[in-house]
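Here's a quick briefing on charged side chains and who pairs with whom. Have a look at the model first, then read on.

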Amino acid sequence: MNTRRTRSSVAGHGTALALLTLLAAPALAVPVVAPEFAGVYTIQSLGRVPDLPDPYGGLAFIDDDTLLIGGAANFAEGRLYTIDVARDGAGHIVGFSGSATAFGSVGEYNDGGVVFGPGGVLFTTRWPVNELGQTRPGETDEARIIDLGASGVAVSPGGMTFVPGGMPGAGQLKIVSWDGGEWYTLALAPAGDGTYDVVSATPGPTLPGGPEGIAYVPPGSPLFANPSLLISEYSDGNVAVYDVDAAGNPIVATRRDFVVGLFGAEGALVDPVTGDFLFSTFGAAGGDEVLRVQGFVAPPPVPEPGSLVLLAVGLAGLGFARRRPA
């Protein structure tokens with residue numbers, strides 16, 4: 001089992017990243033797709049993100065060619081960074097172009113949850129301080145930071161995503177704590193300033209494996225007969241797959257291995273162009289990286305009406321225009 005930094009070690013970090021040596025990563029792991037899925041899905045390392053400081057955090061798309069990813073994850077001096085992606089003729093990401101650039105001051109204590117939500121607001125989980133950050137469109141620093149402990153959320157998320165349109169529970173905000181695995185649905189209400197208050201946190205199942213990033217499987221993908229989601233299991237070094245219930249929550253009894261042989265699986269993201277599953281690592285031997293799993297179908301190009309997923313109108317405030325496949 002991997003050993004993550006404790007809260008006390010992060011708090012005493014200061015301005016240098018020397019404590020990364022405490023991660024004590026073992027020999028390089030060799031990730032493979034689990035046998036149940038290996039005939040259809042393939043995994044490939046995209047390598048390191050140029051100039052992105054270890055350890056890596058969660059990731060999201062600003063537009064189809066620009067990735068937003070956490071660097072120096074879990075530290076007070078952590079930040080989110082932008083990096084351009086390079087695609088092949090079929091649209092699959094094959095690497096990175098240029099160097100990572102800090103996205104303003106966003107991303108202190110960033111972890112496995114980095115996601116755009118209603119109105120184009122950028123939501124970020126903050127570990128180990130048990131907080132939820134929100135950055136408004138057009139801004140590059142958090143406008144609101146919410147203490148999740150006040151809503152009963154266990155220390156400390158961890159992974160996070162909005163359920164995409166077309167899935168059970170579409171529009172709901174799901175969040176999971178590391179390392180206890182406590183899963184919650186957060187109810188939001190407009191705060192009147194372009195951000196959102198957390199009205200309630202409804203507990204769901206408790207997940208094994210030290211869960212982090214969350215991504216829902218694009219409907220119609222091979223070997224997924226039921227609505228499903230993928231979870232990056234940091235502690236156990238896997239990516240797991242679950243069927244979901246009518247509320248979009250994972251059904252624990254349906255858990256299966258999807259990728260095994262990892263060290264520090266962290267973020268989770270579906271490529272809107274190809275449906276490929278992307279995930280980052282945290283504390284891996286030889287440095288962190290981003291990996292790609294191919295074989296999924298492309299997700300629906302337009303969110304269902306009323307679902308609180310990534311909205312083009314919100315991205316316009318950031319100066320980007322999301323391009324979706326025709």
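Arg255 comes out as partly exposed, at 25% relative accessibility (partly exposed sits between buried, under 20% relative accessible area, and exposed, over 50%, using a 1.4 Å probe and protein chains only). Its salt-bridge partner is Asp257, with the closest N and O atoms 2.7 Å apart (a salt bridge puts a side-chain nitrogen of Lys or Arg within 4 Å of a carboxyl oxygen of Asp or Glu). Asp257 is partly exposed too, with a relative accessible area of 30%.

**The network**
- Shared partners link Arg79, Glu108, Arg126, Glu131 and Glu142 into one network of salt bridges.
- Within it, Arg126 pairs with Glu142, and their closest N and O atoms are 3.7 Å apart.
- Arg126 sits in strand β8 (residues 122-126) and Glu142 in the loop between β9 (131-135) and β10 (144-147), so this pair ties together parts 16 residues apart in sequence (strands are DSSP runs of E, at least two residues, numbered from the N terminus).
- Arg126 and Glu142 are both buried.

**Another pair, and the count**
- Glu139 and Arg136 form a salt bridge, with 3.2 Å between the closest N and O atoms.
- Glu139 is partly exposed at 30% relative accessible area, and Arg136 is partly exposed at 24%.
- The salt bridges come to 16 by this rule.

**Ground rules**
- This is a predicted model: local features need pLDDT of at least 70, side-chain atom pairs count only at pLDDT 80 or more, and totals for chains, interfaces and linings use all residues.
- Residues are numbered from 1 along each chain as its sequence is written, and side-chain values use heavy atoms, leaving out hydrogens and water.

Definitions and conventions. Helix = DSSP H or I, 4+ residues; strand = E, 2+ residues; numbered from the N terminus.
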